Amino acid sequence: MPKQSHFIEKTLRGITQAMERSLFAETISLQPGFFQSLDPRLKIITTLVLLVGVSMAHNLWIIVAVYFLILVFALSSAVPADFFIRRVWLAVPLFTGIIALPALFLIPGRPLVHLPLGLVITEPGLRSVLFLLSRVATSISLVLLLILTTPWNTVLGALSVLKVPDMFILVLGMTFRYIYLLLHITNDMFLSRKSRVIAKMSGKQERHMLATIGATLLGKSLNMSSEVYLAMVSRGYRGTVVTLKPFKMQRRDWIWAVFFAIISVSVFYLGR
Amino acid sequence: MVSQVSQIPWKKVGICYFALFVWLFTSAMHIPDGYLSPVTSLIMFMLVLPFWILGLKKIRQTMNARSVPLISLMAAFSFVIMMFNIPLPGGTTGHAVGAALAAIVLGPEVAVIAISIALIIQAFFFGDGGVLAIGANCFNMAVVIPYVAFATYRVVSKDTPLQSPRRVIGAVIGGWLGLTVAAFFTAVEFGIQPFFFAMADGTPLYAPYPLSVAIPAMLIPHMLVASVVEGVMTGMIVFYLQRSRIGILQSKELDNETEPEGLLGKLRWLWVGMAVLAVASPLGLLAPGTAWGEWGVEELTKLGLQSVPSGLEKLSTLWGAPFADYEISFLGNMNLGYIFSAILGIFLVGILAWLLTRLVSGGSPEKQQSM
């Protein structure tokens with residue numbers, strides 16, 4: 001009897017999770033809070049600058065300080081603390097932690113701790129692992145805070161400040177929208193197939209079914225693209241893109257902009 | 001006590017393999033922020049940029065205003081296909097990137113754009129892969145896979161009819177090779193970090209493993225699992241398309257016929273050559289690398305000592321076996337590093353030359369693009 005791979009369940013779970021996550025982010029981003037009230041352009045620029053700052057820092061404490069700063073921002077922005085911490089600290093040690101673990105012993109240097117089997121944790125080894133973990137966790141938290149507190153269409157609209165061409169923003173926005181539609185269609189295809197299967201499928205049958213669904217999805221996507229094009233043309237699309245830019249920096253935003261600038265400069269300066 | 005560390009390299013290497021193997025199943029090839037230095041991230045962005053420009057140019061030339069919905073839907077499709085869990089013989093499952101399929105259906109230039117957009121959305125809105133690492137992730141997955149896979153697919157399938165089984169074989173090999181070469185590039189990006197971006201005392205600031213660890217640790221599991229997934233999925237879908245939706249495969253074919261067969265056609269072989277070289281080089285070089293280090297112990301240690309920062313001299317008591325060992329592997333890797341950068345150099349010059357000729361010779365007046 002071939003082992004069951006539960007690939008349908010896994011795929012369905014992945015699809016549901018993606019939908020759930022963005023629904024959750026949408027819910028939080030609509031609640032009143034500190035980060036929600038800021039101009040999205042300011043948030044994007046601050047996030048990017050701090051990402052670079054964290055990435056360039058040669059000082060572990062600076063990275064840790066930035067992490068706690070983000071934590072404070074998150075708490076004052078109606079983001080549930082346990083979710084914010086768990087989301088990062090469950091995933092990071094699981095992925096990055098496992099990758100980084102051997103570096104504790106592999107990197108030569110002053111020995112710190114002697115373990116059985118002749119394994120020795122070295123000082124540079126420990127430090128490099130801490131660097132990697134803190135950098136990854138802080139970077140993920142930064143991006144997470146941005147998406148949790150900003151609706152995605154606002155993020156897209158604000159991207160135009162970064163001189164991202166309007167055409168590109170339009171494509172991003174449409175892609176984002178059709179990802180959900182295609183996820184929905186895929187979900188239906190998997191579910192309808194699964195609900196009609198009683199026997200255990202062989203690996204070959206499973207792969208055959210996946211290929212069918214994948215290829216059907218490809219055909220549907222291509223068909224849909226020409227339908228969408230016709231729909232756009234019939235609504236007056238002439239190939240030019242107009243994006244709404246309703247953002248205006250308030251006095252409050254400027255004050256926070258100065259604050260973020262001071263933080264960013266100190267991260268760059270102290271982190272050297 | 002310290003010398004024990006160097007006596008059991010197989011154990012340490014084993015742990016590495018296991019760790020990266022586990023990682024493979026979880027996040028595939030998406031590099032998060034923190035693994036690459038900002039300089040590397042910037043360079044990777046610069047490497048991707050010409051491909052983005054070329055892709056947009058191609059789209060505008062061939063598809064006009066239709067391109068916006070087409071790219072959007074294809075990017076959305078790539079995003080969704082990345083969520084498919086593909087069962088492999090033996091009960092394991094893995095995720096495919098779908099870049100090889102996109103290249104076969106859309107052509108590599110357009111596939112670059114579709115996959116890149118899917119990756120950008122993943123990084124920004126779903127937290128898969130870093131934001132600063134978008135350049136690197138796009139280069140590995142949205143540039144390397146489509147071009148290598150497409151070149152391989154074309155070479156294997158040649159001028160056979162669309163229903164030919166050679167097309168399926170080409171798709172399988174293309175997907176496998178594409179992802180394997182991409183894994184190699186990812187490993188090189190990781191592997192150069194400890195050489196260029198470490199603190200004065202040698203503490204790596206980013207991805208901690210040298211090329212000698214990163215390359216086999218990335219390549220071997222990918223060749224066994226992720227690349228197989230990509231190849232199998234690409235082949236299966238091409239097989240299905242052959243039987244029931246041949247039109248999808250045809251559209252790209254017609255596009256190729258109208259395309260002037262010039263430098264691009266000749267370069268295809270070069271691409272495949274490059275791909276084969278890139279895959280073969282670490283396999284062939286890893287063993288001689290250590291052997292080379294062994295015969296040259298004395299000179300190498302001497303060389304190594306000269307380049308050691310003064311801070312390290314305080315730790316002179318530790319200059320026993322482990323450090324000598326470290327120096328050998330370090331210099332052995334420098335040697336490897338030179339060869340890799342040479343390959344990378346050839347690769348880049350090739351791309352540049354190709355891009356230039358395309359921009360110059362393809363200077364037919366751009367179609368009235370209403371974009």
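**Figure 1. The interface of chain A and chain B in a predicted model.** Here 91 residues of chain A are in contact (heavy atoms within 4.5 Å) with 81 residues of chain B. The two chains bury about 7700 Å² between them, 79% of it on carbon and sulfur atoms. Buried area is the accessible area (1.4 Å probe) that two parts lose on being put together, summed over both. A:Ile99, A:Arg207 and A:Leu218 supply 9% of the area that chain A buries against chain B, more than any other three residues. The model is predicted: local features need pLDDT of at least 70, side-chain atom pairs count only at pLDDT 80 or more, and totals for chains, interfaces and linings use all residues. Residues are numbered from 1 along each chain as its sequence is written, chains are lettered from A and ligands numbered from 1 in the order written, and side-chain values use heavy atoms, without hydrogens and water.

**Figure 2. Polar pairs and residue classes on the side of chain A that touches chain B.** Three residue pairs are in polar contact across the interface, both residues at pLDDT 80 or more. A polar contact is a pair of N or O atoms within 3.5 Å; within protein, one must be able to donate a hydrogen and the other to accept it, and residues adjacent in sequence count only if both atoms are side-chain atoms. Helix H9 (residues 203-234) of chain A gives the most to this side, with 23 residues. By class, the side has 56 nonpolar, 24 polar and 11 charged residues. Ala, Val, Leu, Ile, Met, Phe, Trp, Tyr, Cys and Pro count as nonpolar, Asp, Glu, Lys and Arg as charged, and the others, Gly among them, as polar. Salt bridges between chain A and chain B number zero.

**Figure 3. The salt bridge of A:Arg41 and A:Asp39.** A salt bridge is a side-chain nitrogen of Lys or Arg within 4 Å of a carboxyl oxygen of Asp or Glu. The whole structure holds three. In this one, N and O lie 3.0 Å apart. A:Asp39 is buried, at 4% relative accessibility. Buried means under 20% relative accessible area, exposed over 50%, partly exposed in between (1.4 Å probe, protein chains only).

Figure 4. Helices (H or I, at least four residues) are DSSP runs, numbered from the N terminus. A:Arg86 is partly exposed at 46%.

Methods. Helices (H or I, at least four residues) and strands (E, at least two) are DSSP runs, numbered from the N terminus.
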